[in-house]
Structure formats: structure tokens, C-alpha cells
Amino acid sequence: MANVEDACLREWRMDLLENAAGRVLEIGAGTGANIECYTPAVSELVLTEPDVHMRGRLRKKVSRCKAEKTMVTEGSVELINQDDASFDCVVGTLVLCSVRDLEGGLKEIKRVLKPGGRLLFMEHVAAPRGSRRRRWQNWINPVWRRVNSNCHLNRETEQAVVAAGFSIHWVRRESMRKAMPIVRPTIRGIAHNV
Ligand SMILES: C[S@@+](CC[C@H](N)C(=O)[O-])C[C@H]1O[C@@H](n2cnc3c(N)ncnc32)[C@H](O)[C@@H]1O
């Protein structure tokens, strides 16, 4: 993924996470690709990651974070061990493609966000219905999921976010340069908890 990070992802992460402020929860933080994108406007950052090995690598990067206070914790998005309405912002990048229960995960995100709080998202998503790329995604998806830790090629994530009761504030749809054609369609943006 290094060439894809260089081609577009790093820039997209920086642009998106400029919008993170206050008390922030990042779900599926992985090995910490976003950690250096947070600004001092973040008063407290809670990084969650279910995979123990990734969590170890994440912990090693925490000192690079500009947030006032940062902590790493285990947990999946379907069961967030945090109080209701306790975050100003939730961040998820390249995560919602892999969660077991997308609807349940979005419900949990909504629960922990304050009213008016913001979900910052960046995801690879399904190509438009009826397109040739979408047919390829549908065809390859069962095998892809098995070899890529439940990553779905054909999730309609933007629609799922809206169905969960968020209001999309802005969204960019762009091709992930240098990535395999079946994972190129992406969305990134901000959804409000209304
Ligand atoms: C492709 S990696 C992305 C990591 C990082 N967010 C990034 O932008 O590079 C997918 C991450 O989602 C995490 N993940 C998978 N299922 C999850 C779930 N149900 N809840 C939270 N995180 C999950 C994985 O452990 C992994 O760290």
C-alpha cells in the first residue's frame, strides 16, 4: 500500500483529519497511519484497534501524535466501550469495509457521538450499480473477503451512513490512484449526527 499512500491516501488523510477537534475516537486505527494527521485542536484522542499485533505497533507511534492526550484501547466498532454522547468526533478510515456488522457499528458510532457530533470517514466502496467494475467486485468479493480479513469490495457505505441516521455534510468521490481497479472507488467526507 506504500505507493497508494504516496499517490493519494496520505494527502486525503491530512485534509480529512484537519476537521477533527475536541474529544475524538478513532475506530480500527490499525498501525496508526492517521496518527500524525491530528492537530492540537484534538484535546483527547482514543484510538481503538481490535487486533493485538496492530495495537502493539500503534502504541509505539503514540508519541508522534500532536493531540493533547492520546490513549490506545482494544475493541471493535460493534461494541464500543465508551459512554453515550461522549465524543465530538469519530474517525474511521478504511475500516467500514471490514466490520462484521456495518449497521450495528454505525449505530454504536451514533450512540457515542454527541448530538451534532461528526463522523469523519474515508472508505473504498462499491462501484456504481450496473457498472462493469461493480460486476467484477460482486464476483470477486467472496474470495476477497476470505483472504483480506473480511474486507468487502462492494459495500454501499455512503448509503449505509445515511440509513443509520447521519446527515452527509460533504463528500468527495475519487479514484484511489495506484490501487487495484476493484478497490479504486472511494468516498471521504463528514457526516453529522442529527
Ligand atoms: C485496512 S485496515 C485500516 C487501518 C487504518 N484505519 C488505516 O486507515 O490505515 C482495517 C482495520 O480495521 C480493523 N477492523 C476490522 N474489523 C473491525 C471492527 N469490527 N471494529 C473495529 N475495527 C475493525 C482492522 O483490525 C484493521 O486495523
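These legends go through several close-up views of one predicted model.

In this predicted model, local features need pLDDT of at least 70, side-chain atom pairs count only at pLDDT 80 or more, and totals for chains, interfaces and linings use all residues. Residues are numbered from 1 along each chain as its sequence is written, and side-chain values use heavy atoms, with hydrogens and water left out.

**View 1**
Strands (E, at least two residues) and helices (H or I, at least four) are DSSP runs numbered from the N terminus, and two strands pair if DSSP finds at least two bridges between them.

**View 1. Strands 1 and 2, side by side.**
Strand 1 (residues 22-26) and strand 2 (residues 42-48) run parallel and are joined by five bridges. Look for glutamate 26, whose bridge partner in strand 2 is leucine 47. A salt bridge (a side-chain nitrogen of Lys or Arg within 4 Å of a carboxyl oxygen of Asp or Glu) also turns up here: arginine 23 meets glutamate 44, with the closest N and O atoms 3.1 Å apart. That pair links distant parts of the chain, arginine 23 in strand 1 and glutamate 44 in strand 2, 21 residues apart. Buried means under 20% relative accessible area, exposed over 50%, and partly exposed in between (1.4 Å probe, protein chains only). Arginine 23 is partly exposed at 21%, while glutamate 44 is buried at 17%.

**View 2. Charges over phenylalanine rings.**
Arginine 23 shows up again, lying over the face of phenylalanine 87 at 4.3 Å from the ring centre. Lysine 110 lies over the face of phenylalanine 166, at 5.7 Å from the ring centre. A charge sits over a ring if NZ of Lys or CZ of Arg is within 6 Å of the ring centre and within 35 degrees of the ring normal.

**View 3. The surroundings of histidine 124.**
Histidine 124 belongs to strand 5 (residues 113-124) and is buried, with a relative accessible area of 7%. Setting aside neighbours within four places in sequence, histidine 124 has contacts that include Leu94, Cys97, Cys151, His152 and Met176. Contact means heavy atoms within 4.5 Å.

The structure holds one aromatic pair. The rings of tryptophan 136 and tryptophan 139 have centres 5.6 Å apart and planes at 80 degrees, so the pair is edge-to-face. Rings of Phe, Tyr and Trp (its six-membered ring) pair if their centres lie within 6.5 Å; planes under 30 degrees apart count as stacked, over 60 as edge-to-face and the rest as tilted. Both tryptophan 136 and tryptophan 139 are in helix 4 (residues 132-147), three residues apart, which puts about one helical turn between them. Tryptophan 136 is partly exposed at 43% relative accessible area, and tryptophan 139 is exposed at 66%.

**View 4. Two loop residues with positive phi.**
Most residues other than glycine have a negative phi. Leucine 94, not a glycine, has a positive phi of about 55 degrees. Leucine 94 is in the loop between strand 4 (87-93) and helix 3 (102-112) and is partly exposed, at 24% relative accessible area. Serine 149 has a positive phi too, near 50 degrees. Its loop runs between helix 4 and helix 5 (157-163), and serine 149 counts as exposed at 65% relative accessibility.

**View 5. Salt bridges elsewhere in the chain.**
The salt-bridge count comes to 14. Arginine 100 pairs with glutamate 78, the closest N and O atoms being 3.8 Å apart. Arginine 100 is in the loop between strand 4 and helix 3 and glutamate 78 in the loop between strand 3 and strand 4, so the pair ties together parts 22 residues apart in sequence. Arginine 100 is exposed at 65% relative accessible area, whereas glutamate 78 is buried at 17%. Arginine 188 and glutamate 174 also form a salt bridge (3.0 Å, N to O), linking strand 7 (residues 185-193) to strand 6. Salt bridges with shared partners join Arg172, Glu174, Arg177 and Arg188 into one network.
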